[in-house]
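Walk through this structure with the coordinates open beside you.

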Amino acid sequence: MLAASLDEVHQRIGRACAAAGRDPGSVSLVAVTKTYPASDVVLLAGLGVTDVGENKDQEAAAKSAAVREQGVAVRWHFVGQLQRNKSKSVVTYADVVESVDSMRLAGALSTAAARLRERPLDVLVQVSIDGDPSRGGAIAGAAEADRDLWRVAAAVNDAEGLRLGGVMAVAPLDWEPERAFAELAALTARLRAEHPGATAVSAGMSGDLEQAVRHGATHVRIGTSLLGMRNTLR
């Protein structure tokens, strides 16, 4: 069942890349396993999955430890909203934090990473596509300097213990994915002009990966299409 679901996801990525004239190897799958047990991560790793996403520190910290105890190594992506006081925990197990959307969070992660890690922590700046200040994401031209996209990216780029890898975004619910990811592509192009090494674009989930790939996503975060609908009470 899991193998079949994974194969279908890979086929979708392959078809999306073919339609966009891209190499299928240019898009990486991040399997989002929130609310699912460590045993599912082990199974996915056995099927060749190398990147796993989680969105809550308490769950991710315990799950990553359990997976490691079984001798399985994957690349952990923290993809959820992150409070600054969780930075010390997250930097001990995450390989990538995809949800940095403020200069203050970048500073907290930098301090923790410099103290607790041997290698820099890869960071993606979460972009607010629609500029709504009530939701997560750094905003292009934000009135609040702490969440201005360009200042956040510069802060990450200059921070000790961090490496600016690129951007992450979620298509707003009230936007068509095509429009959302086209806007993200325009913002990404500007960011890359200032930071050429920031090449990663984490965008697209189970319902809109095709549109994300069409507009340059290098990573797609897939949960439901792999593992089914989640039990929200877990």
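How much space lies in the largest pocket? About 650 Å³. Keep in mind that this is a predicted model. The lining of that pocket is made up of 25 residues. Lys-34, Gln-126, Val-170, Met-205 and Arg-221 lie nearest its centre. By class, the lining of the largest pocket has 11 nonpolar residues, nine polar ones and five charged ones.

A search of the whole structure turns up one cavity of 30 Å³ or more. The largest cavity holds about 30 Å³ of space. Its lining consists of Phe-181, Leu-184, Ala-185, Val-201, Ala-203, Ala-212, His-215 and Ala-217. Seven of these lining residues are nonpolar and one is polar. None is charged. Helix α7, residues 177-194, gives the largest share of this lining, with three residues.

Stay on helix α7 for a moment. Arg-190 and Glu-194 both lie in this helix, four residues apart. That spacing is about one turn of the helix. Their side chains meet in a salt bridge, at 3.8 Å from N to O. Side chains of opposite charge can pair when their charged atoms come close.

The charged end of Arg-179 sits over the ring of Trp-175, 3.5 Å from its centre.

Now for the salt bridges across the model. The whole structure has 13 of them. Take Asp-51 and Arg-75, whose side chains meet at 3.8 Å, N to O. This pair links distant parts of the chain, 24 residues apart. Asp-51 belongs to strand β2, residues 51-54. Arg-75 belongs to strand β3, residues 75-78. Asp-51 has a relative accessible area of 10%; buried means under 20%, so Asp-51 is buried. Arg-75 has a relative accessible area of 32% and is therefore partly exposed. The pair also belongs to a wider set of contacts. Asp-51, Arg-75, Asp-122 and Arg-163 are linked in a network of salt bridges.

Another of the bridges joins Arg-15 to Glu-8. Their closest N and O atoms are 3.2 Å apart. Arg-15 counts as partly exposed because its relative accessibility is 45%. Glu-8, at 36% relative accessibility, is partly exposed too.

Which value does phi of Thr-35 take? It is near 75 degrees, a positive value in a residue other than glycine. Thr-35 is found in the loop between β1 (28-32) and α2 (38-46).

Terms used. Residues are numbered from 1 along each chain as its sequence is written. This is a predicted model: local features need pLDDT of at least 70, side-chain atom pairs count only at pLDDT 80 or more; totals for chains, interfaces and linings use all residues. Side-chain values use heavy atoms; hydrogens and water are left out. A charge sits over a ring if NZ of Lys or CZ of Arg is within 6 Å of the ring centre and within 35 degrees of the ring normal. On a 1 Å grid over the protein atoms alone, a cavity is a set of points where a 1.4 Å probe fits but cannot get out, and a pocket is an open set with protein on both sides within 12 Å along at least five of seven lines; lining residues have an atom within 4 Å of a point. Grid points are joined across faces, edges and corners, and a volume is the space filled by probe spheres set on the points. Helices (H or I, at least four residues) and strands (E, at least two) are DSSP runs, numbered from the N terminus. Ala, Val, Leu, Ile, Met, Phe, Trp, Tyr, Cys and Pro count as nonpolar, Asp, Glu, Lys and Arg as charged, and the others, Gly among them, as polar. A salt bridge is a side-chain nitrogen of Lys or Arg within 4 Å of a carboxyl oxygen of Asp or Glu. Buried means under 20% relative accessible area, exposed over 50%, partly exposed in between (1.4 Å probe, protein chains only).
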